[in-house]
Amino acid sequence: MYRAHGITFRLGGRALLTDAGAAITPGRVSVLIGPNGAGKSTLLKVMAGELRPQSGHVLLDGADISTLPPARLAMLRAVVPQHAQIAFPFTVAEVVAIGAGSDRIGSAPVARALKEVELSGFEQRPYDRLSGGERQRVQLARALAQLDRGRSAGYLLLDEPTASLDLAQQVLVVRLMRRLAAERGIGILAVLHDLNLAAMAADHITALKNGHVVACGTPKEILTDAAIGTLYGVPARVSWAPETPFLLPQSIVD
């Protein structure tokens, strides 16, 4: 179990998170939702160990992550940021090899990770010439290769993994998330803005607003007309087709 609780994080005197928390369970997908500025990405970065909160704790399999050596933490959890900048003309295999901790770009971990994200045969392609969706999957492969260095399935933290992708690539990324959780037992935490994608992806949803956790539960429990209206201030209608909810704003006219 990977859990944050009682997290308060301030920046420049402003509280970005107040007594917030979230949990990631092996083999399940957890999703953070909420309006812009709610604290979703900040909470993910705190859980990743990139930001240190003023109060609260992040525990990974019972150990406070602040006590774990960086190399050990890297084997237990991997992070895929929203926009990964690569400053050098790397090939796909070279990017994935960064996660594998190997300079052997033809190594088995690199090939295995690319196969898992459906990019076999892309090894020698220039990373900077890929589409946005392909780059996102390469970064996911890098994270998987990183987790392969550990002895457990590990955890993936994904910050808006479907941002700026077309519909087909969004669905592909969500499908990969679900498969990695189900087949490899990886615990996944993702920040998602698209509530329909969140409904497709999530086993568990945590909703944030103004730095506070306002609701948590299954998609059926969280994605209701009333809850969405309260969270975003927009009237919405939630329907089901047949087991997954889909949401439509009701009006853009006052």
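**Close-up 1. Pairing of strand 1 with strand 4 in the predicted model.** H5 faces H57 of strand 4. Strand 1 and strand 4 (residues 55-60) are antiparallel and are joined by five bridges; two strands count as paired if DSSP finds at least two bridges between them. Strands (E, at least two residues) and helices (H or I, at least four) are DSSP runs numbered from the N terminus. The model is predicted, and local features require pLDDT of at least 70, side-chain atom pairs pLDDT 80 or more, whereas totals for chains, interfaces and linings use all residues. Residues are numbered from 1 along each chain as its sequence is written, and side-chain values use heavy atoms, with hydrogens and water left out.

**Close-up 2. The hairpin of strand 1 and strand 2****.** Seven bridges link strand 1 (residues 2-11) to strand 2 (residues 14-24) in the antiparallel sense. Y2 lies opposite I24 of strand 2. Two residues separate the strands of this hairpin, in which G12 adopts a positive phi near 60°.

**Close-up 3. The hairpin of strand 11 and strand 12****.** Strand 11 (residues 236-240) runs antiparallel to strand 12 (residues 245-249), with five bridges between them. V238 has L247 in strand 12 as its bridge partner. Four residues lie between the two strands.

**Close-up 4. Exposure of L167 in helix 6****.** Helix 6 spans residues 167-184 and contains L167. The relative accessible area of L167 is 64%, so this residue is exposed (buried is under 20%, exposed over 50%, partly exposed in between; 1.4 Å probe, protein chains only).
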